[in-house]
Amino acid sequence: MTTQLFEYAPSSPDSLASTERDDPVHGELMKLNMGPQHPATHGVLQLKIDLDGETMHNIDPVVGFLHRGKEKTCESLGWAKFFPHTDRLDYVQPLMNNIGYALTLEQLAQLEVPERGQIIRVLLMEISRIAAHLIYLGTTAIDLGAVSIFFGTFKERERIYSILDAYTGHRMNNSYVRIGGVFADVDDQVEGMMREFLNSIPASIDGWEGMLTGNRIWYDRNRNVGTITKEQALAWALTGPNLRGAGVALDLRKSQPYSGYEDYDFDIPVGTVGDCYDRYLVRIEEMRQSVLIALQALERLRTTRGGEFLAEDRRYVLPPKDKVHSSMEELIFQFKIVTDLRLPRGEAYHPIESSKGELGFFCVSDGTSSPVRCHIRAPGLYNVQAIPAIAEGRLFSDMVAIIGSLDFVMGEVDR
Amino acid sequence: MVIIKRKELSFIEKLYLPQIFQALSHSFRAMFQPRITRQYPEEPLPTNEVTRGQPRLTLLEDGEHLACVSCGLCEAACPAYAITIDGHETERFIEREPERFEIDMLRCILCGFCEEACPKDAIFMSDELELADFSRAALVYDIDKLKRPREELQGRIDYFYQVNDRWRTPSSTS
């Protein structure tokens, strides 16, 4: 597919005012600041909008209210100590960010993750994707007035929290992924909880879909609202469900498989029109596909029981504790890895398909214990910058639906 | 790749009535389902050995001295710079012990990296999670507030050794 440049020409307030000055209703634009404390902007996003009656012009998204300097922090903290910080990027799916960062470091270190480690990672990623899409569904629905959906999705999300609590010991901000695999094996109890959750969630999804998809209000507020064409979506570098909603079947799990995704059997849902309704349908279908992938991963977990989940490489991975107590060699490795974990000279970029789109970490190493440069390609930022093109000329009430359907988390946008 | 079907509303759905009744039935059914919320201070979340709560220092069997030898690995592993250690020489066999060991609980993010780094089993995550006081200074915990007998943390220690059991195949370096 050829990408053609989409030109976005904002209408200037002067031209609008002069052409329609004789009209008593039109002609004067009102400046409206939506956010940064507006509950429907999903975080601290500010939108400066020129309103002509109810029609929006010159939309200017202002980001950066939640800027914490994560990239610079990574450069001063060092390789392994940045894991807890990745949790706080897209805080509705912390384990996905952990895995994205770990994959970049493993690419840099040329480290192979054992099979069981990869299966556990796929399982965690798909559960995180369901959790993130549940947040999308609940918050978008409550913004458009459907409160009971919100409670339903948060009830199911609570079960995901319980699973992660039983596995990692934390409900949020898990930081349980290490270079070379995951910190702990999935035991029978957690496996049972996951299986129970994955078997019951499709019925809940059907219930919400039954309440929303054929709902007259949901239909009217989403249908043909916030339409973005294939070419526009590519030109604005949208990824993830927003791009697939516009009809481009690009999914990094299929196009550049990682962590063994090529062995799983799943479909990529693709929309046709590219409006809010398509993006909603794509995410609903993605949740169902995630359930299928996660169930396959659980089956594989059963066949690889007792396998290694953390790569055996004493340059990057801490040795087991009991050996540290008994062996001088292992004690030296323990000290070396904790105080001065060095990755080889070079640069690496590993994109993963997060729930929002292409999440990539770009790290440049000069062979010392911290990166020279760490750049985070956060999909949310690209979704936010497409707002002016999507919402130009629409009614103000559509803005809530558009923001909801683009599904960004400001922790990741501002980072 | 699967192209999703866009639904067109039927005549009945356009009337909005079936959706009203469906949503009402959903709400009525929810009234008889078990409650998922929790009355927090009265009913706290159950904790177990998996819970990563605040870090605590273990005491040796004598119940007097810390297991810590103030090597500073936890200080080096801490991503939040919450730990401060000053060590000094001691007459005991281990030769070094902490004179001052402080964890700033306001900085601590409970990640558990200190527990993973410690080579002497001296620091472990407890199941204590609640943290409140009237001043910030009172939340910088010193040795007196951090030390716990080993028996209190035994559940977590056993769990940690169980999940840390990896690389079962014999290797060349050990």
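Colleague: Contacts in chain B between residues at least 6 apart in sequence: what share joins residues at least 24 apart?
Modeller: That share is 68%. Keep in mind that this is a predicted model.

Colleague: What confidence does chain B get, then?
Modeller: Its average pLDDT is 85. A score of at least 70 goes to 96% of the residues.

Colleague: What ipTM and pTM does the complex have?
Modeller: The predictor gives an ipTM of 0.85. The pTM is 0.87.

Colleague: Switching to the fold. How many helices and strands are in chain B?
Modeller: Chain B has 6 helices and 7 strands. From the N terminus the order is β-α-α-β-α-β-β-α-β-β-α-β-α.

Colleague: What radius of gyration does chain B have, against a compact globule of 174 residues?
Modeller: Chain B has 26 Å. The globule would be near 16 Å.

Colleague: What box do the C-alpha atoms fill?
Modeller: Roughly 90 × 50 × 30 Å, along the principal axes.

Colleague: How much of chain B is buried?
Modeller: Buried residues are 40% of the 174. "Buried" here is under 20% relative accessible area, with protein chains only as cover.

Colleague: And the accessible surface of chain B, what does it come to?
Modeller: About 10,600 Å². Carbon and sulfur atoms account for 55% of that surface.

Colleague: Last topic, charges. How many positive and negative side chains does chain B have?
Modeller: Chain B has 22 positive and 30 negative ones.

Colleague: Where do the centres of the two sets sit relative to each other?
Modeller: They lie 13 Å apart.

Methods:
Residues numbered from 1 in each chain as written. Chains lettered and ligands numbered in written order. Predicted model: local features only at pLDDT ≥ 70, side-chain atom pairs only at ≥ 80, totals over all residues. Heavy atoms only, no water. Helix = DSSP H or I, 4+ residues; strand = E, 2+ residues; numbered from the N terminus. Rg over C-alpha atoms; globule rule 2.2 N^0.38 Å. Buried < 20%, exposed > 50% of the residue type's maximum accessible area, 1.4 Å probe, protein only. Contact = heavy atoms within 4.5 Å. Areas by Shrake-Rupley, 256 points an atom, 1.4 Å probe, with all protein chains shown as cover. Lys, Arg positive; Asp, Glu negative; His and termini not counted. Charge placed at Lys NZ, Arg CZ, Asp CG, Glu CD. pLDDT = per-residue confidence, 0-100.
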